[in-house]
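Here's a quick briefing for anyone meeting this structure for the first time. Take a look at the sequence and the model, then work through the notes below.

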Amino acid sequence: MCQVGEDYAEPASEEPPPRQPGREQKCVKCKEGLPVVVIRAGDAFCRDCFKAFYIHKFRAVLGKNRLIFPGEKVLLAWSGGPSSSSMVWQVLEGLSRESAKRLRFVPGIVCIDEGAACGLSPEARAKALAEMKLILQTVGFPWHVVALEEVFDLPPSVLRCFAQEPVGTEGAYKAAVDSFLQQQHVLGAEGAGDSPSLAQGEEQLSWPCTQDPQNPQSPDRPPTAAQTEALSRLFDSVKTLTAKEELLQALRTHLILHVARTHGYSKVMTGDSCTRLAIKLMTSLALGRGAFLAWDTGFSDERHGDVVVVRPMREHTLKEVAFYNHLFAVPSVFTPALDTKAPEKASIHRLMEAFMLRLQDQFPSTVSTVYRTSEKLVKAPRDGCAAGPPGPRCLLCMCALDIDTAGAALLSQGGPPSPRHRAAVLRLPCEHEGLALPGPPAALHLGRGPAPQPEGLHRAADPGVPG
Amino acid sequence: MPAPQCATCHKARAALRRPRSGRALCGACFCAAFEAEVLHTVVAGRLLPPGAVVAVGASGGKDSTVLAHVLQVLAPRLGISLRLVAVDEGIGGYRDAALAAVRRQAARWELPLTVVAYADLFGGWTMDAVARSTAGSGRSRACCTFCGVLRRRALEEGARLVGATHIVTGHNADDMAETVLMNFLRGDAARLARGGGLGSPGEGGALPRCRPLQLASQKEVVLYAHFRRLDYFSEECVYAPEAFRGHARHLLKLLEAARPSAVLDLVHSAERLALAPAARPPAPGACSRCGALASRALCQACALLDGLNRGRPRLAIGKGRRGLDEAGPPRDGEPERAPAPDAVPAF
């Protein structure tokens, strides 16, 4: 594959030299154990080294980004699928370690029942729900099961972006950790271990289910038939599967954030794996969301203001997740999704997924290449306008609108060439007044013809519109 | 059910529906609309100022044929004069036939034609020779990598020969969308950072380049050529099947079928990518050998030729570019100088 950084100097072989698995081969890490899984291109790991590698990656991603403060309440978004199940399991294990390396936040789990949108029968939904509750009870964190129909009950305030809390600086993080450790030390010395968030108890069962014995969102109260009907009608009114997927994602996000806000969680963790994120990146590109890729696929997503969405599984490929779940018996629940059994050409998402996985077969570095590129994306400075007012935001995805700059890229061609202009173009609409170029006003839809064609411009900001 | 009336002139029967807006237009009105849109792109972006001598990269293919025709139609209004520049890469069985088409077109339009050949410019290295040199060892021949860089060099040379002030190429919206997809799949952050916009304004002494057809979809280009009865060469380059762009192209066709606006959405996305400053290409200087625009000591064309001449054709491809006279340390993901190479000459 003509990859940019690929080293052609060696007479390399694309495939690793054929090896006999089993007897002659040893784990590449410890050189002793019998390998059970091959990761990347030919690295064979034994069971223990694989486990260590997997867990280390999870901790490293969290530790590197330093966003989760000790004692913070974190909501885990669990869909039942392998990646999020693995994430929940990692958190479970991480909390039970010896105190030096223990994860230090307070988790809760939220699970959204999307059966109505996917057209499941009430019996199928009840069955899936029962399986999920079984697992949730085993895990033992406070849990919330919310039906997607509740999205109709959301207050309009969810569409407003709350003021952003100041992001902790390096010093703030270290100070927080130090003070937390001191507190723990003091508590340990006093022998008091009753505060739930500083629980010294090692066993899972001592984990306070007392924190949230009844779930106010009450799964015991299934959504009314009218609500289910309304939701089905909503999704049926959307013509294409692509738009349905986008709508579902938007609604799901809003619902999860609402749960987080209501119960005082300041962070949400989602289980997007490396493979999924690479596919999501390419899909977003094809949908016109190039301006927001950093938020959609980066580690942290703060566009909602007070609640930050975090993606700790972003360096684990689906293969690693699958093998880990298999080897270490991580429970998960399968529920049919919107595009289960849909033909490959039904939606942009399905197309991209099939394409990426097929390409990955042929060029094993595809997913990691796309992922590495996504790491180089930055969030265009939202408040570079201390000078100007923040631009209008999209109702559904809460990102700053990028429509007004439709003409600006073309506008800037006529001006003096400079990399600053290009950077200026990529910023928010509020900044393009700074491109003081005489000539046609920005409202003219440049290059799209004398008669402005509105549909091409609306798509970018409103993925829910039937495409 | 008879075809609807043309939505513009309301007189003739509609002959087609425009791929994006769905408006039904007759042939004449469609061509007029197409030309008006290209004019708009050029004028609004101030791409070709009056008095410009414009070198049109002509390959004989549909895009460059349509481009040359439209520019000829618009030339009086824009106040520009045109020269055709064709590049002969030395691909047997393909380029010779295409050049014949270009010669016919030049005669038909009465435009001066200059042909520049790789063999003359690059010391006897035709694409066939390059392919022979890089073949073997089980890896891809990377022909498009060489061809793309060298062609842009050749185009620049040809343009200077005819005294041009601007270079235009016939890249259409589909090409741009494929390029974005390709750059992401290859991890070419530098090109992504540089891409978008309508061409380059001509940094460091290189001639300004632009792509007036950039916002026209491929279908419309083909339809225009059909309605104006233009004669073009439509076969694929011999080396095209090996190119990575083929994957991106295939994907784009699927995406377009699922969602017709996908092409424009990709171009829209590309214009708005925000990449880290570290990923952006360094400010360009001049090549120490030929004086052309280069971001390192040697421009990519010279570097590639160097490798070929030394018998190590892949010397200049990939990380580090070892073995060359390098001033700086090898950096990650080095970009090539020219924009993403195409599988088929797009002009």
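Chain B has 12 helices and 10 strands, while chain A has 15 helices and eight strands; helices (H or I, at least four residues) and strands (E, at least two) are DSSP runs, numbered from the N terminus. This is a predicted model, so local features need pLDDT of at least 70 and side-chain atom pairs count only at pLDDT 80 or more, while totals for chains, interfaces and linings use all residues; side-chain values use heavy atoms, with hydrogens and water left out. Residues are numbered from 1 along each chain as its sequence is written, and chains are lettered from A and ligands numbered from 1 in the order in which they are written.

**The two chains overall**

- Of the 347 residues in chain B, 62% count as buried, where buried means under 20% relative accessible area, exposed means over 50% and partly exposed is in between (1.4 Å probe, protein chains only).
- For chain A, 51% of the 467 residues count as buried.
- Take the contacts (heavy atoms within 4.5 Å) in chain B between residues at least 6 apart in sequence: 71% of them join residues at least 24 apart.
- In chain A, the share of such contacts that join residues at least 24 apart is 73%.

**How confident is the model in chain A?**

- Chain A has an average pLDDT of 73, and 68% of its residues score at least 70; pLDDT is the predictor's confidence in each residue, from 0 to 100.
- Residues 191–220 of chain A stay under 50 in pLDDT, and the model gives them 38 contacts beyond four places in sequence.
- Residues 382–388 of chain A are also a stretch with pLDDT below 50, and the model has seven contacts for them beyond near neighbours in sequence.

**A helix to look at: α2 of chain A**

- Helix α2 of chain A covers residues 82–95, which makes 14 residues.
- From first C-alpha to last, α2 of chain A reaches 20 Å, close to the expected 20 Å; the expected span is 1.5 Å times one less than the number of residues.
- The rest of the structure largely encloses α2(A), because 12 of its 14 residues are buried.
- Among those buried residues are A:M87, A:V88, A:W89 and A:L92.
- The buried residues of α2(A) pack against several elements of chain A, including α1 (47–65), β3 (73–77), α4 (122–139) and α10 (318–327).

**Aromatic rings**

- There are 11 aromatic pairs over all chains, counting rings of Phe, Tyr and Trp (its six-membered ring) whose centres lie within 6.5 Å; planes under 30 degrees apart are stacked, over 60 edge-to-face, and the rest tilted.
- A:Y324 and A:F328 make a tilted pair, because their ring planes sit at 40 degrees, with centres 4.8 Å apart.
- A:Y324 is buried at 0% relative accessibility, and A:F328 is buried too, at 15%.
- These two belong to one aromatic cluster formed by A:F50, A:Y54, A:Y324 and A:F328.
- A:K73 lies over the face of A:Y265, 4.8 Å from the ring centre; this calls for NZ of Lys or CZ of Arg within 6 Å of the ring centre and within 35 degrees of the ring normal.

**Cysteines**

- The structure has zero disulfides over all chains, a disulfide being a pair of cysteine sulfur atoms within 2.5 Å.
- B:C237 is in no disulfide, and the nearest cysteine sulfur, that of B:C147, is 6.5 Å away.
- B:C237 is buried, with a relative accessible area of 6%, and B:C210 is buried at 3%.

**Two buried glutamates**

- B:E156 lies in helix α6 (residues 143–161) of chain B and is buried, at 10% relative accessible area.
- Apart from neighbours within four places in sequence, B:E156 touches B:I167, B:G205, B:A206 and B:L207.
- A:E353 is in helix α11 (residues 348–362) of chain A and is buried, at 17%.
- Beyond neighbours within four places, A:E353 is in contact with A:R276 and A:I279.
- A:E353 and A:I279 are 74 residues apart along the chain, yet their C-alpha atoms are separated by 5.8 Å.

**Positive phi values**

- Most residues other than glycine have a negative phi.
- A:K341 has a positive phi, near 65 degrees; A:K341 sits in the loop between α10 and α11 of chain A and is exposed, at 82%.
- B:R229 also has a positive phi, about 55 degrees.
- The loop between α9 (218–227) and α10 (245–258) of chain B holds B:R229, which is exposed at 68% relative accessibility.
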